[in-house]
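Hi there,

I am passing a structure on to you, together with some notes on what turned up in it. Please have a look at it first, and then read on below.

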Amino acid sequence: MPAFCRKEEELEELHTMLEENSKVFLYGIAGIGKSELAKAYAKQYKKYYTNILYAEYTGDLYQSVTDLDFTDDLPEDSEEERFRKHNRFLRSLKDDTLLIIDNFNATATQDSFLPVMLKYRCRILFTTRSKLDGHCILQLKEIRETSALFQLVSAFYTESEEHRVLVKEIIETVHRHTFAVELAAKLLENGILHPEQLLAKLRDEKASLENEDKISAIKDGQNSKATYYHHIHTLFSLYSLRNSKISYGICVSFPSPASMPVSLLTGSGSPLETR
């Protein structure tokens, strides 16, 4: 996202964990800002690394390694040969390399290549919605500072200052969920609803959810998680009034790896760069 609104302390904690543990799983619910934190870390701490590599997890780490593009790949290479060469190279890297595996929403039992990747000597940062017990985990939670989330809204909604009180109420109503706050800001900027109208719709939905789910409200935080997703669903439903805005919202929320000012290796043809 254009406006990084997390605390510097979170970046510092992540850096310390990577220095001490080498492999870190950045864990949190969808839309909480894991990918943005990982990319902000790569940007801010790039001087600590010779290489920063990026890969989007697509359901199979073995295939993700195979699909990476290197300058010495040959058109006639079989998939097995590509994997062998790529794996050999990744195994040769040391702790001056950071490998980011984004959206690793799986477990060790679901992806058998994970134990192999964890033996690489480079530092690896996974973003994930899966809580992988037994590994080094940094859990990302809601941003508590209203001022930081208001700054996020202001990055997308030009009239946020004029409607400060209503904007802050919207932030509270969506439980400070980063992606929901961003969607709300974009929806307001596009003029689909005025702030008071959006707040009323979100409050109506919240009241409905509370009436339907009173029993589970105190169990394991699941009610809060469901509420996040319902808010996002409602916001996207409002966007559907203008279908083109949905793809715009997704593209802006999750910038492509190419937009990051650090050396990246992706599965889409980007070369490996070193400093």
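**Rings, strands and helices**

In this predicted model, the charged end of Arg164 sits over the ring of Phe150, 4.0 Å from the ring centre. Lys186 likewise has its charged end over the ring of Phe156, at 4.9 Å from the centre. (A charge sits over a ring if NZ of Lys or CZ of Arg is within 6 Å of the ring centre and within 35 degrees of the ring normal.)

Before going further, some ground rules: residues are numbered from 1 along each chain as its sequence is written, and side-chain values use heavy atoms, with hydrogens and water left out. As the model is predicted, local features need pLDDT of at least 70 and side-chain atom pairs count only at pLDDT 80 or more, while totals for chains, interfaces and linings use all residues.

Next, the aromatic pairs. Rings of Phe, Tyr and Trp (its six-membered ring) pair if their centres lie within 6.5 Å; planes under 30 degrees apart count as stacked, over 60 as edge-to-face and the rest as tilted. By this rule there are 10 aromatic pairs. One of them joins Tyr62 and Phe113 edge-to-face, with 6.0 Å from centre to centre and 90° between the planes. Tyr62 lies in helix H3 (residues 61–67) and Phe113 in the loop between strand S3 (97–102) and helix H5 (114–117), so this pair ties together parts that are 51 residues apart in sequence. Helices (H or I, at least four residues) and strands (E, at least two) are DSSP runs, numbered from the N terminus.

How covered is each partner? Tyr62 is partly exposed at 34% relative accessibility, whereas Phe113 is buried at 8%. (Buried means under 20% relative accessible area, exposed over 50%, partly exposed in between, with a 1.4 Å probe and protein chains only.)

Phe104 and Phe126 make a tilted pair, 5.3 Å centre to centre with 55° between the planes. Phe104 is in the loop between S3 and H5 and Phe126 in strand S4 (residues 123–128), 22 residues apart. Phe104 is buried at 0% relative accessible area, and Phe126 is buried at 0% as well. Together with Phe25 and Tyr57, they form one aromatic cluster.

On to the strands: 5 of the 6 residues of S2 (residues 51–56) are buried. S2 pairs with S3 in the parallel sense over 6 bridges (pairing takes at least two DSSP bridges between two strands). Tyr54 stands opposite Ile100 in S3.

Best wishes
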